[in-house]
Amino acid sequence: MGRAYQNRKLSMAKTAGAKTKVYSKYGKAIYVCAKNNGLDPDGNLALRGLIDRAKKDQVPTHVIDNAIKKASGAGGEDYAEARYEGFGPGNCMVIIDCLTDNGNRTIKDVRQCFTKTNSKIGSSGTVSHMFDHQAIFAFKGEDDEAVLETLMMADIDVTDVALEDGIITVYAPHTEFFKIKTEFANSMPEYELEVEEITWVPQTYVDIEGEEDLANFEKFIAMLDDCDDVQNVYHNAEVKEEA
């Protein structure tokens with residue numbers, strides 16, 4: 001891919017209210033994952049990955065424990081996954097993943113984010129074919145060739161290993177995520193993983209420039225961030241600040 005992975009998630013929330021929103025989103029995701037696939041992180045690798053990411057994002061242990069405890073009980077909320085796609089400000093491509101207990105409410109909230117920022121929501125598959133569903137690992141280092149050799153020797157399918165500005169980024173099919181994570185722990189413990197996630201990586205990028213598009217893009221992301229049901233937002237926007 002020839003470029004280091006750019007983490008487009010918003011900076012860690014500074015205010016108490018914003019932190020509560022982050023905790024809530026993780027709690028919901030952990031609850032659903034544990035309820036659907038098992039409470040034991042050792043047997044539920046997806047749950048283990050979620051817990052690891054939550055801890056990196058400074059989610060308190062009691063939030064994680066309460067979500068798993070809640071999943072162990074009978075009944076509870078019935079959440080469903082929902083994915084929406086479309087074109088955001090400046091004609092960037094957007095994928096929005098949600099967890100919802102009320103699909104009508106969620107689509108209404110998400111659609112409003114598009115309509116209020118001169119954007120256009122599409123149907124399933126509108127833009128996802130222009131993204132690769134990949135596992136991403138990024139960490140400080142200089143010897144990308146040694147990392148690639150180690151992973152290949154472990155019979156792991158790697159899409160690319162890129163080195164840029166002292167950061168090594170490993171790209172691989174999303175199905176290889178836990179094999180790679182295990183290999184780092186066993187064979188390359190000297191590397192501290194700063195990014196370890198399964199995400200949608202755009203095949204092409206669009207520059208967002210001009211006062212109106214920049215303002216609408218900022219508003220679009222903020223509105224999505226305010227939606228309780230939105231879990232993750234992926235896009236191919238490159239923001240060009242006005243000089």
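Which residues line the second largest pocket? The legends below take up this and other close-up views of a predicted model.

**View 1. Lining of the second largest pocket in the predicted model.** The second largest pocket is lined by Ser24, Gly27, Lys28, Tyr31, Val63, Asn66, Ala67, Lys70, Glu77 and Tyr79, and its volume is about 160 Å³. Two helices, α1 (16-37) and α3 (61-72), each contribute at least two residues to the lining of this pocket. Sorted by class, the lining of the second largest pocket is made up of 4 nonpolar, 3 polar and 3 charged residues.

View 2. When its neighbours within four places in sequence are left aside, Cys33 is in contact with Gly38, Asn44, Ala46, Leu47 and Leu50. For orientation along the chain, Cys33 and Gln112 are separated by 79 residues in sequence, and their C-alpha atoms lie 28 Å apart in space.

**View 3. Cysteines Cys98 and Cys227, neither of which is in a disulfide.** With a cut-off of 2.5 Å between cysteine sulfur atoms, the count for the model comes to 0 disulfides. Cys98 is in no disulfide, its nearest cysteine sulfur being that of Cys227, at a distance of 7.4 Å. Cys227 is likewise in no disulfide, and for this residue the nearest cysteine sulfur, 3.8 Å away, belongs to Cys113. Cys98 is buried, with a relative accessible area of 3%, and Cys227 is also buried, with a relative accessible area of 10%.

**View 4. Buried and exposed residues of helix α6.** In helix α6, which spans residues 177-187, the buried residues are Phe177, Ile180, Lys181, Glu183 and Phe184. These residues lie on the same side of α6, because the arc that they cover around the axis is only 160°. An α-helix has 3.6 residues a turn, so residues three or four places apart point the same way. Ala185 and Asn186, by contrast, are exposed on the other side of α6.

**View 5. Packing partners of the buried residues of α6.**

Conventions: Residues numbered from 1 in each chain as written. Predicted model: local features only at pLDDT ≥ 70, side-chain atom pairs only at ≥ 80, totals over all residues. Heavy atoms only, no water. 1 Å grid on protein atoms, 1.4 Å probe; cavity = no way out; pocket = protein on both sides within 12 Å on 5 of 7 lines; lining within 4 Å. Points joined across faces, edges and corners; volume = space filled by probe spheres on them. Helix = DSSP H or I, 4+ residues; strand = E, 2+ residues; numbered from the N terminus. Nonpolar A, V, L, I, M, F, W, Y, C, P; charged D, E, K, R; others polar. Buried < 20%, exposed > 50% of the residue type's maximum accessible area, 1.4 Å probe, protein only. Arc of directions from axis to C-beta. Contact = heavy atoms within 4.5 Å.
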